[in-house]
Each structure stands twice: as C-alpha cells, then as structure tokens.
Amino acid sequence: MKRLISAAVVAAAMMSSAALAHEYKLGDLKIDHPWARASATAQAKAGGAFMTIHNMGKADDKLVSASSDVAKRVELHTHKMDANGVMKMGQVPFVPVPAEGMAELKPGSYHVMFMGLKKPFVEGENFDLTLHFEKSGDTTVSVKVESVGYGADSSMKMKHDGNKKQ
C-alpha cells in the first residue's frame, strides 16, 4: 500500500512539473508558455496570445497561421511605427522563426490576435490554439489565461513612475 501511495505521489509531482513547464515540442521547435491576458471587461471582443518559439534546428521556419474556436477570426499581428510616429497594430503574413534562434510573441510585438471572442478570456482558464508552421507542420497548445496585467513591461512602469511629481 505504501508503494502504491508513493508511486501516486511521484506521478502527481511529475504531472505537476509538466504542467508548470507548460512547453511543447514539434520537431526542432520548442514552444514555451503560451499565454493570454484575461479580458479587462465582460464585453471584450478581442485578445492576444503570446509565447516564445525556439528553433533548435539548422533551417529557418515560419509560423504561417493559427486557429482556435474561441474567436470568429484568428490572425498573426505585430506592432509597427508609422511615418507619423504612431504605433499601429496590423496583420502579418507570418512570424519568422530563425534557425538556431527564436521568435518572441509578446505584448507590443508579434502576437496571435483573436477577433470576435465568443466569450471573454478569464484568468485561470485555458483554451486550445493550433499553430501552423511552414516546415514543421501543426501542433495544438494549451493557452493559459493569466491576469490582466501579466507580462507588463517593468521598464515602462519605471519610466512612468520616474516622471511623477513629488
């Protein structure tokens, strides 16, 4: 009986570690911690997903699209500065994943954009997202919904706080 309980504890610990790692492998690609921010309001109709994609291979790859049933449309987006110095978000045909390098999908940069959310993203929940790569093929990952402020750039916070009048 003690061996059975010990085995159950070890198995639970291993599953817990795997859940905390929250990473996926597809050929030479490793996808780290897919996440989304919780929707700020119950009326939110858009959201983004973020992750880091490592390419341990010798050949470039591309994330060419993504799909999920949580929204009417799922697109790849990035932010770019326009000619007037205004930051704008827009769709891109792919996200490059360089050989022996990585692609960072993060706030203010490349991300997966969900438009027409069927329901708001709720902190603590998960949803499936299928990533389609040009060379590596397809894989489905579980996106963890984090808090509304998760992943905020601390340097932006410090810059803002440093401008406060005393």
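Helices, of at least four residues, and strands, of at least two, are DSSP runs numbered from the N terminus. The exercises below use this convention on a predicted model.

**Exercise 1. Describe the secondary structure of the chain and the order of its elements.**

Solution. Begin with the tally, in which the secondary structure of the chain comes to two helices and 11 strands. Next, read the elements from the N terminus on, which gives the order α-β-β-β-β-β-β-β-β-β-β-β-α. Then turn to the chain as a whole: 33% of its 166 residues count as buried, and among the contacts with a separation of 6 or more, 67% are accounted for by residues 24 or more positions apart.

**Exercise 2. Classify the geometry of the ring pair Trp-35 and Tyr-150, and state which parts of the chain the pair ties together.**

Solution. A pair of aromatic rings is described by the distance of the centres and the angle of the planes. A search of the whole structure finds five aromatic pairs. In the pair of Trp-35 and Tyr-150, the ring centres are 4.7 Å apart and the planes stand at 75 degrees; since planes over 60 degrees apart count as edge-to-face, the pair belongs to that class. For the location, note that Trp-35 lies in strand E2 (residues 29-37), whereas Tyr-150 lies in the loop between strand E11 (137-146) and helix H2 (154-162), so the pair ties together parts that are 115 residues apart in sequence. The two partners can then be placed by accessibility: Trp-35 is buried, with a relative accessible area of 8%, while Tyr-150 is partly exposed at 31%. Finally, Trp-35 and Tyr-150 form one aromatic cluster with Phe-50.

**Exercise 3. Apply the reasoning to Phe-114 and Phe-121, and then locate Phe-114 in the largest nonpolar core.**

Solution. The rings of Phe-114 and Phe-121 have centres 5.6 Å apart and planes at 85 degrees, so this pair, too, is edge-to-face. Both residues are buried. The largest nonpolar core has 30 residues, and Phe-114 is among those with the most contacts inside it, together with Ile-53, Val-112, Leu-129, Leu-131 and Phe-133. Strand E10 (residues 126-133) supplies the largest share of this core, namely four residues. For Leu-129, leaving aside neighbours within four places in sequence, the contacts include Val-112 and Phe-114, as well as Met-51, Val-74 and Val-143.

**Exercise 4. Which residues lie nearest the centre of the largest pocket, and which strand gives the largest share of its lining?**

Solution. The space in the largest pocket is about 200 Å³. Of the 13 residues that line this pocket, Arg-37, Ala-46, Gly-47, Gly-48 and Phe-50 lie nearest the centre. Strand E3 (residues 46-55) gives the largest share of the lining, with four residues.

**Exercise 5. Compare the backbone setting and accessibility of His-33 and Glu-100.**

Solution. Phi of His-33 is near 35 degrees, a positive value in a residue other than glycine, and phi of Glu-100 is likewise positive, near 50 degrees. His-33 has its place in strand E2, whereas Glu-100 lies in the loop between strand E7 (95-97) and strand E8 (102-105). With a relative accessible area of 23%, His-33 is partly exposed; Glu-100, at 53%, passes the 50% cut-off and is therefore exposed.

Technical notes: Residues numbered from 1 in each chain as written. Predicted model: local features only at pLDDT ≥ 70, side-chain atom pairs only at ≥ 80, totals over all residues. Heavy atoms only, no water. Phe/Tyr/Trp six-rings, centres within 6.5 Å; stacked < 30°, edge-to-face > 60°. Buried < 20%, exposed > 50% of the residue type's maximum accessible area, 1.4 Å probe, protein only. Core = buried A, V, L, I, M, F, W, Y, C linked by side-chain atoms within 4.5 Å. Contact = heavy atoms within 4.5 Å. 1 Å grid on protein atoms, 1.4 Å probe; cavity = no way out; pocket = protein on both sides within 12 Å on 5 of 7 lines; lining within 4 Å. Points joined across faces, edges and corners; volume = space filled by probe spheres on them.
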